[in-house]
Amino acid sequence: MSYEPPITDYDEIVENCTCAFCGCNCDDLDYLVKNGHVVAVRHACRLGASKIMEDMDQRLIVPMVRGENGELEEVDWDTALDTAAEYIANSIRPVFYGWSETSTECMKEGIELGEYIGAVLDNQATICHGPSLQAVQNAGYPIQTLGEVKNRADMIVYSGSNAMNSHPRHMGRYSVFPRGYFRQRGRFDRTVVTMDPKFSDTAKMSDKWIGFEQNGDYGFYNAIRAVLKGKKLTQNVVSGIPAEDIYELVEEMKNAEFGVLFFGLGLTHTLSKQRNIDIAIKMVMDLNRFSKWGLTPMRGHFNVNGFNIFMAYETGFAFGVDFARGYTRYMLGETNTIDLLVRKEPDCFLVIAADPGAHFPNGANQHLADIPVIQIDIHWGPSTELADVVLPGSFIGVECAGTSYRMDGVPIYMKKAIDKPETCRDDEWIVRELKERVMKLREEPNVAPKYVPNPAAE
Amino acid sequence: MHYANTYLDKPVVGDLEEATTEGTEKVLHCMLNTGSDIYQGACKKRGSTLKEEYKNVSGTCYMDPRDMAALGVKNWDTVLVKTDYGEVVVNAAKSRDAPHKGTVFICKGPWANTVVSHETYCCSDPTYKGVKCTVEKTDRKVLLMADLMRWVYKKYVDETDDDVIENMESLGELPVYKGRKWEELK
């Protein structure tokens, strides 16, 4: 890599913008703007800066619909919205997937549309932190805000998470390096432990790396719990970690003044899935008998937590909510996008601010090749290659304001910095238009039949 | 307009101590993990998914140098990764997190999707990590994103033969669509 001079040629600086990349939602970014484009970003990490200074080659600007020969053709907004509305109105089992990279205001329109036609609403949690949400329902949610971590925590544990690669400012802004009220010396006042089979970049920066074997997380946490309860380990090595190392670690964890466990997809994607998180939450509960401990899932997108909080508030379920019967249902393995697609159930798929083409396994995506796919997004991505209608949205936090929820559940209002391209529309507007058009095409809303306790008696 | 540069040709990987072209084994049995790294994240979120860059950051199999020596591959040679769920051609490169003999890592993206398991075991979440795979050396080329999507899903192509689609004319690194308005507005 070569040296690059700083950008000095800009018209204005927009201060205190919020980053629309990961669950850290860093709200201290400065955008350098020239001719209505962000030419440089201050304070952001590599990922945030890269996202905000987007690739204009692939920016979706004009609505498009697939023509007869399978090529996308530019059309006007009315045609594109009507085509999309027709697909949705004529479907029996539509799935609306995505929502994690758009504002909570847009979700409000989406849930109205979903409820009206009886769709399944799901977000990226289904393929990343879904097991964490299930575990939270099973075992509890001992969470704290990132501000508490900064000011109080003296022991930080990253488990199955490579923060240096996927949340690059997490360590610098919230957990490890910053000086807090009770941690005046910053990094020197904290112990950092990384638990990961891989010697990841985060492990390289930690005081301790616990490289348990692949799929060994469940056994390892159980061993810690046993030691916490005063039991003696009967095996010399548990999940590839020597017993004496586990005793030493437990002693250290018990003696921490305020410990926090951050866990990532390393736990949710391996075989024991939500049971890994169950046991991690229970371990945190056990630790609370000795000291103060909390945990936080390392959420990926800037508003993936927002959708879960919003849905849980509105419907009682965090993700994979099915309105098909006229009331809300949620059943793991049944109303989740991947399971629905693998079973080839959906007959219309709306992708908003997500990229199933890039992130769903082949076995699930194969079904997208057979059904109409409507995409609302800002960039031409792998999903566009499968999309039948493309509706260009706008970039929340840069071109459009909106609310998002940080990984610890703190809502943050993201302000607008520049104008969006003239022909793009706000996500909120697009979904509202779709809703109104679908309501015209299908006049009867999808409601559950009246409940009759004993039909024979009537 | 001068933008701050976030583009990168290829991810930075370490040099191999002894680059061999003659391997001792034809097929390697490994454990496949997928996930994100900073190069893949930066490229994907910028939106440069049609570009050569995305192919290099996402369609790369990070391997332990001992495994690479056993197969006889150098950095940026191509390998064929096969699982029960599919097969895909990706680049090989020395892992920055080595040693992890017997484990390979492919960043998430269309390439990894082709070979990961869609089994959710009723937990909503497909099994992206810990999939058994085989790795072998190959002469086939790594496909660009648009070509790969055409090869795997065949949604808008009449052909059904994999080999024919693989050798079709590339869709290139820019969006393919009908119309001019977008080009003018950009």
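Predicted model: local features only at pLDDT ≥ 70, side-chain atom pairs only at ≥ 80, totals over all residues.
Local features need pLDDT of at least 70, side-chain atom pairs count only at pLDDT 80 or more, and totals for chains, interfaces and linings use all residues. Residues are numbered from 1 along each chain as its sequence is written, and chains are lettered from A and ligands numbered from 1 in the order in which they are written.

Trainee: What is the mean pLDDT of chain B?
Mentor: pLDDT is the predictor's confidence in each residue, from 0 to 100. In chain B, 98% of residues reach 70 or more. The mean is 90.

Trainee: Where in chain B is confidence lowest?
Mentor: Elements are DSSP runs numbered from the N terminus: helices are H or I, at least four residues, and strands are E, at least two. Strand S3 (residues 78-83) of chain B has the highest mean, 96. The lowest mean, 78, belongs to helix H7 (residues 181-185) of chain B.

Trainee: Which pattern does chain B follow along the sequence?
Mentor: Chain B holds 7 helices and 6 strands. Read in order, they give β-α-α-β-α-β-β-β-α-β-α-α-α.

Trainee: What share of the residues of chain B count as buried?
Mentor: Buried takes 20 or more other C-beta atoms within 10 Å of the residue's own, exposed 12 or fewer, partly exposed in between; C-beta atoms are placed from the backbone. Chain B has 186 residues. The buried share is 50%.

Trainee: Which element gives the most to the side of chain B that touches chain A?
Mentor: Contact puts two C-beta atoms, placed from the backbone, within 7 Å. By that test, 60 residues of chain B are in contact with 76 residues of chain A. Elements supplying at least two residues each include strand S1 (27-35) and helix H5 (145-153) of chain B. The top contributor, with 6 residues, is H1(B).

Trainee: How many residues on that side of chain B are charged?
Mentor: Ala, Val, Leu, Ile, Met, Phe, Trp, Tyr, Cys and Pro count as nonpolar, Asp, Glu, Lys and Arg as charged, and the others, Gly among them, as polar. The side of chain B that touches chain A has 26 nonpolar and 21 polar residues. Its charged residues number 13.

Trainee: How far does helix H17 (residues 427-441) of chain A reach from its first C-alpha to its last?
Mentor: The expected span is 1.5 Å times one less than the number of residues. H17(A) has 15 residues, and 21 Å is expected. Its buried residues include Ile430(A) and Leu434(A), with cover that includes helix H2 (77-89) of chain A. The reach of H17(A) is 21 Å.
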